[in-house]
Amino acid sequence: MKINTKLLHDYPVVDSSTGASSIPKYQSSTFGQKELYGQPQKYLYTRFGNPTVDALEKGFCSLENSEYALAYSSGMAAIANVLMLLNAGDHIIAPIEVYGGTCQFATEILPKYKISVSFVDMSDLKDIEANIHSNTKLIYIETPSNPLLKVCDIQKIVELAHKNNILTVTDNTFMTALYQQPLAMGSDIVLESVTKFVNGHSDVVAGLVATNQSSLADKLRLLQKNFGAILGVEDAWLVLRGMKTMGLRMEKAVENAQKIAEYLSSNPKIKHVYYPGLEKHPNAVIHARQASNGGAVLSFEVYDKETLKKLTQRIKLPILAVSLGGVESILSHPATMSHACLTPEERQKQGVTDELLRLSCGIENVEDLLEDFEQALH
Ligand SMILES: Cc1ncc(COP(=O)(O)O)c(C=O)c1O
């Protein structure tokens, strides 16, 4: 079955008890039990399981081609729960340019549990290898990275990790399983902020984790239950609805991103464009091998603060906001938004300058977006 068909038919999309063509919101915290000491019931309490959330998790399995999937209250809840698989004394390796929230979790929360982190250049296998110690238990991959769209080689990193008995986790928020499949490339766990492309309408915060290993799925379920990091029923229902059109939405958004990246690359007011769909991207070849296109997110740097100010004041269509992956285009300023939780020194180290902007392309007519950029940069 091809992906657009899968997203509409390959998981519970019709309610089995009523035939409703949209899975109902089982908006219930508890479920009546028929008798004490009777047959075990599937649903007891929504923190342990809920039919609407179950349908969504089956949808995630279909999307990710995975045996197991869990829905979380946010992408960060998914990340935090996965990192809580570690034990005191363990060490992890993460990209220098990892998402700001993950960086904050790794530097401010994990040390409380005696878990240490080394940030490395993930595009340099030697740098990763040099940082592997006897207590290294997890390598965290994010490709393309946020916001500089740096690309690393998933398969090579997985090979190196597995040679050293290290677990690999890939944050696949930017490409999603539609265009890049880390589990198929050997990653043990894949996670995504569903807030972005999977839901796609900028109206829900959610996360997912998928794996093919039952032992990992069991451990994650235990952590989720005990941290209470579940997705609410209303939000699960909205994601179920959003996911059905994910294929078409992303196709248009990616097409727009490619055209805007090309336009910005040829504009003299733009200092640099970061987009793995451009041939000049330093790791375009690796990206093309492991993903089917450049994705719907690009970043670009202008020469000075004055241009940045003018552009952000004049631009009309993209919303100036945090986040990405909505049907509408979203323009973000990483230094004051997604990466504001880092110190100026940490941002400097990552290359997140004050003149950098990130554009998440929506599904508008591209001519209108191009015209808008032209007038805003004029
Ligand atoms: C790459 C990446 N991972 C994880 C997250 C966190 O997701 P959420 O905001 O849903 O918690 C984000 C948020 O922007 C992100 O960009």
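In this predicted model, a polar side-chain atom of Ser193 lies 2.8 Å from an oxygen atom of the ligand, a polar contact in the sense of a pair of N or O atoms within 3.5 Å. Taken alone, the ligand exposes 390 Å², of which the protein buries 91%, with accessible areas coming from the Shrake-Rupley method with a 1.4 Å probe.

| Residue | Atom of the residue | Distance to an oxygen atom of the ligand |
|---|---|---|
| Ser193 | polar side-chain atom | 2.8 Å |
| Gly75 | backbone N or O atom | 2.9 Å |
| Asn146 | polar side-chain atom | 3.0 Å |

Around the ligand there are 13 residues, and those that come nearest are Gly75, Met76, Asp171, Ser193 and Thr195, where a residue counts as near if one of its heavy atoms lies within 4 Å. Helix α3 (residues 75-83) gives the largest share of this shell, 3 residues, a helix being a DSSP run (H or I) of at least four residues.

Elsewhere, Leu44 sits in the loop between α1 (3-9) and α2 (51-64). Leu44 has a relative accessible area of 35%, so it is called partly exposed, the class between buried (under 20%) and exposed (over 50%).

Residues are numbered from 1 along each chain as its sequence is written, and side-chain values use heavy atoms, without hydrogens and water. Local features need pLDDT of at least 70 and side-chain atom pairs count only at pLDDT 80 or more, whereas totals for chains, interfaces and linings use all residues.

Terms used
Helix = DSSP H or I, 4+ residues; strand = E, 2+ residues; numbered from the N terminus. Buried < 20%, exposed > 50% of the residue type's maximum accessible area, 1.4 Å probe, protein only. Polar contact = N/O pair within 3.5 Å; in protein donor to acceptor, adjacent residues only side chain to side chain.
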